[in-house]
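The sequence and structure come first, and the notes follow.

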Amino acid sequence: MFQQLATAASIAPGRIELVAGRGSSTITFPLFDHDEHDYDMLYASKLDLLMAVNAGENVTWHGPHRRRPLQDVTVFPRPEQPLKIWLGTGGSPDSVYRAVEMGLPMFLGVLGGTPGHWARYGHAYREAWAQAGHPAEQADFAISMHGFVAEDGAEARSTYLEYEYRMMAEGMAELGRPAPSRADRAASYGPEGMVFVGGPDEIAERILHLHQLFGHTRQILQMDVGGMPQRDFLRGIELLGTKVLPQLRAELAKP
């Protein structure tokens, strides 16, 4: 994986970053012949190895997920500079403190809840970061959530619900879990939800409100879900760049 990312970084220098998380389920454990009881050990050990490979050319490392240690091994190709690695979490308090202990920026993946609920994770990260003695300006916190932008808010909600609900229903079925109702999922599109769906002005307002609560530096909206036609999410990306982003930049530039 590191070799693939390093190759991409040679094509697009300074633009390749990595979010390293544990995943939202253990559905793939049998495929790789892993034991679910080793869930945390595998993540911690592999993350430590990833950090070691990223830090320098010659790697000497041992950990519990490998039977054989690495002794003065070099992984090629190398990026011109170490890749930025975010610790990805779905809201585990342990992951918040692990990010702080390792001095990593934190990337929060959100599927539901409220802005007020998730803001607590941002506050906990920054408080722990300060207590650990890290420079305050290096605390970096990002959020990824589902969302969609269309010219009209009603159009955006109708379109996104069709495809997002399809994705949720199929995903939950694979895990053997019941899917949320359409009404419950639609409710998460409202002002107190964490799915940002609407017109450009609405999305800009909601991101700015979230920024007031979190102070985050990166925002991702996952629009391409459930087989949505390419023309729809490409238009959403265009609206993000031409209608939403200028409002964010203008507002955040104010003293």
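## Ala9 and helix α1

Ala9 lies in helix α1. The model discussed here is a predicted one. With a relative accessible area of 12%, Ala9 falls under the 20% cut-off, so Ala9 is classed as buried. Not counting residues up to four places away in sequence, Ala9 touches Ile16, Pro79 and Leu83.

Glu151 is 142 residues away along the chain, and the C-alpha atoms of Ala9 and Glu151 are separated by 35 Å.

## Helix α2

Helix α2 covers residues 39–55. Its 17 residues, at 1.5 Å a residue, should span 24 Å, and the end C-alpha atoms are 25 Å apart, so the two values agree.

The buried residues of α2 are Leu42, Tyr43, Ser45, Leu47, Leu49, Leu50, Val53 and Asn54. These buried residues pack against two helices named here, α1 (2–11) and α3, and against the strands β1 (17–20), β2, β3 and β4 (84–89).

Which residues does Asn54 contact, leaving aside its neighbours within four places in sequence? They are Phe2, Arg78, Pro82, Leu83 and Ile85. Asn54 is in helix α2, and it counts as buried because its relative accessibility is 8%.

The side chains of β1 alternate.

β1 pairs with β4 in the parallel sense, over four bridges. In this pairing, Leu18 stands opposite Ile85 of β4.

## The loop between β1 and α2

Two residues of this loop are described here. Phe32 is found in the loop between β1 and α2, and at 54% relative accessibility it counts as exposed. Phe32 and Ala52 are 20 residues apart in sequence, and their C-alpha atoms are 23 Å apart in space.

Asp33 lies in the loop between β1 and α2 as well. Its phi is positive, at about 60°, although Asp33 is not a glycine. Asp33 is classed as exposed because its relative accessible area is 71%.

## Strands β2 and β3

Strand β2 (residues 58–61) has a covered face made of Val59 and Trp61. Its uncovered face has Asn58 and Thr60. β2 pairs with strand β3 (residues 70–74) in the antiparallel sense, over three bridges, and Trp61 stands opposite Leu70 in β3.

Asp72 is in strand β3. Like Asp33, which has a positive phi, Asp72 has a positive phi, here of about 50°, although it is not a glycine. Is Asp72 buried or exposed? At 51% relative accessibility, Asp72 counts as exposed.

The peptide bond from Phe76 to Pro77 is cis, with omega near -5°. Pro77 is found in the loop between β3 and β4.

## Helices α3 and α4

Two packed helices are described by the angle between their axes and the distance between the axes. Helix α3 (residues 93–102) and helix α4 (residues 115–131) pack at an angle of about 35°, and their axes are 9 Å apart. Their crossing is right-handed. On the α3 side the contact is made by Pro93, Val96, Tyr97, Ala99 and Val100, and on the α4 side by Tyr121, Ala124, Tyr125, Ala128 and Trp129. By class, this contact has 10 nonpolar residues, with no polar and no charged ones.

The 17 residues of α4 should span 24 Å at 1.5 Å a residue, and the end C-alpha atoms are 24 Å apart, which agrees. Buried in α4 are Pro115, Trp118, Ala119, Tyr121, Gly122, Tyr125, Ala128 and Trp129. They pack against α3, β5 (106–110), β6 (141–149) and α7 (200–214). Just after α4, Gly133 takes a positive phi of about 85°.

Definitions and conventions. Residues are numbered from 1 along each chain as its sequence is written. This is a predicted model: local features need pLDDT of at least 70, side-chain atom pairs count only at pLDDT 80 or more; totals for chains, interfaces and linings use all residues. Side-chain values use heavy atoms; hydrogens and water are left out. Axes are lines fitted to C-alpha atoms, for helices over the stretch in contact, and angles run from 0 to 180 degrees between N-to-C directions. A crossing is left-handed if the near helix is turned anticlockwise from the far one by less than a right angle, and right-handed if clockwise. Contact means heavy atoms within 4.5 Å. Ala, Val, Leu, Ile, Met, Phe, Trp, Tyr, Cys and Pro count as nonpolar, Asp, Glu, Lys and Arg as charged, and the others, Gly among them, as polar. Buried means under 20% relative accessible area, exposed over 50%, partly exposed in between (1.4 Å probe, protein chains only). Two strands pair if DSSP finds at least two bridges between them. The expected span of a helix is 1.5 Å times one less than its number of residues.
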